[in-house]
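User: I would like to learn how to read features in a protein model. Please take me through them one by one.
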Amino acid sequence: MRAFARLDEPDLAQGLAVDDPYNMYFTPDGRFAVVVAEALKRLDFRDPKTMALQFSIAAPRCGGINHGDYSIDGRYLIMTCEYASRLVKIDWLDRKVLRYLTLPDGGIPQHIRSSPDGKVFYVADLRAGGVHLLDRDAFKRIGFIKTGVGTHGLYPSRDGTKLYVANRGSSKIGGKARGPGSVAVIDFATRKVVTTWPIPKGGSPDMGNVSADGKHLWLSGRYDNVVYVIDTTSGEVVTIPVGKEPHGLTVWPQPGRYSLGHTGNMR
């Protein structure tokens with residue numbers, strides 16, 4: 001599969017072909033754009049301005065390599081392997097795979113995000129309906145938090161005290177409209193769900209981001225052809241009709257020192 005990455009330069013306005021793009025991230029130092037070549041089971045590190053390929057890192061045991069996040073020092077990143085029920089830890093500076101970790105019960109890992117203090121990674125598991133907790137350095141599973149049906153998206157609150165977990169209402173990769181979708185709110189300090197906001201009449205909250213002021217959580221409604229705007233104080237949901245099967249959604253601009261990519265993830 002081929003697709004095109006739009007660039008700002010006038011002479012590149014038509015875009016450049018890249019191999020099998022599913023997601024795109026940036027290295028913390030800004031040197032590379034990282035194109036996630038899902039079907040090829042690899043990460044392609046490209047010049048962020050020209051998109052010229054600089055090098056690739058293959059992860060042959062990571063079927064469905066899709067979502068990732070970096071360690072707090074930026075030294076390595078962990079990617080989820082959606083079709084292989086595992087995770088892969090990659091040292092991008094030394095350009096090598098360090099380890100794989102298989103999830104229990106045929107898990108379907110989705111988003112992964114670091115805790116604000118960098119000690120724990122939270123991994124959404126679509127099939128398990130919750131998030132696995134991973135020790136940062138040992139790269140081992142140390143806990144699990146049940147959150148709802150079809151756990152997919154993970155978004156920290158603006159003050160860094162909570163994690164908004166989008167449960168898109170289906171424990172399978174595909175889904176139907178008006179499933180039991182919800183957003184669970186995890187307290188980072190206690191690692192417990194403190195409240196859950198159901199989508200009225202059912203829905204499929206998927207990916208998005210928090211507004212710059214932290215007052216609203218924007219999420220695409222994957223199987224309901226809508227976008228949700230959720231009040232982060234009350235949990236009230238406003239629904240906006242959009243085109244068929246919205247998947248990615250970015251709220252911009254975002255505060256932060258630098259971008260990690262994806263749906264506007266900043267640090």
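User: Which side chains meet in a salt bridge at 3.8 Å, N to O?

Analyst: First, some ground rules: this is a predicted model, in which local features need pLDDT of at least 70 and side-chain atom pairs count only at pLDDT 80 or more, while totals for chains, interfaces and linings use all residues. Residues are numbered from 1 along each chain as its sequence is written, and side-chain values use heavy atoms, with hydrogens and water left out. Now the general idea: side chains of opposite charge can pair when their charged atoms come close. A salt bridge is a side-chain nitrogen of Lys or Arg within 4 Å of a carboxyl oxygen of Asp or Glu. In this case the partners are R113 and D69, at 3.8 Å from N to O.

User: Where do R113 and D69 lie?

Analyst: R113 is in strand 11 and D69 in strand 7, so the pair ties together parts that are 44 residues apart in sequence. Strands (E, at least two residues) are DSSP runs, numbered from the N terminus.

User: Is D69 buried or exposed?

Analyst: Buried means under 20% relative accessible area, exposed means over 50%, and partly exposed is in between (1.4 Å probe, protein chains only). D69 has a relative accessible area of 5%, so D69 is buried. R113 is also counted as buried, because its relative accessibility is 12%.

User: Which other residue forms a salt bridge with D69?

Analyst: R267 does, with the closest N and O atoms 3.3 Å apart. R267 sits in the segment after strand 24 (265-266), and this pair links parts 198 residues apart.

User: How many salt bridges does the rule give, and which residue does D19 pair with?

Analyst: The count is twelve. D19 pairs with R42, at 3.1 Å from N to O. D19 belongs to strand 2 (residues 16-19) and R42 to strand 5, 23 residues apart. D19 counts as partly exposed because its relative accessibility is 24%.

User: How should I read a nonpolar core, and which residues have the most contacts inside the largest one?

Analyst: In soluble globular proteins, nonpolar side chains tend to be buried together. A nonpolar core is a set of buried Ala, Val, Leu, Ile, Met, Phe, Trp, Tyr and Cys residues joined through side-chain atoms within 4.5 Å. The largest core here has 21 residues, and L43, F45, M79 and V88 have the most contacts inside it. Elements giving two or more residues to this core include strand 4 (33-37), strand 5 (42-46) and strand 6 (53-58). Strand 8 gives the most, with three residues. Another core, of 15 residues, lies apart from this one and has V183, W197, L219 and I230 among its members.

User: What is L43 in contact with?

Analyst: Contact means heavy atoms within 4.5 Å. Leaving aside neighbours within four places in sequence, the partners of L43 include V34, F55, I65, M79 and I90.

User: How many aromatic pairs does a search of the whole structure find?

Analyst: A pair of aromatic rings is described by the distance of the centres and the angle of the planes. Rings of Phe, Tyr and Trp (its six-membered ring) pair if their centres lie within 6.5 Å; planes under 30 degrees apart count as stacked, over 60 as edge-to-face and the rest as tilted. The search finds eight pairs. In one of them, the rings of F32 and F55 have centres 5.2 Å apart and planes at 85 degrees, so this pair is edge-to-face. F32 is in the loop between strand 3 (21-26) and strand 4, and F55 is in strand 6, so the pair ties together parts 23 residues apart in sequence. Both F32 and F55 are buried. For Y76 and F121, the ring centres are 6.5 Å apart and the planes are at 45 degrees, so that pair is tilted. Y76 and F121 are buried too.

User: Where is S115 found, and what does S115 touch?

Analyst: S115 is in the loop between strand 11 (109-114) and strand 12. Not counting residues up to four places away in sequence, S115 touches V120, Y122 and F188. S115 is buried, with a relative accessible area of 8%.

Technical notes: Helices (H or I, at least four residues) and strands (E, at least two) are DSSP runs, numbered from the N terminus.
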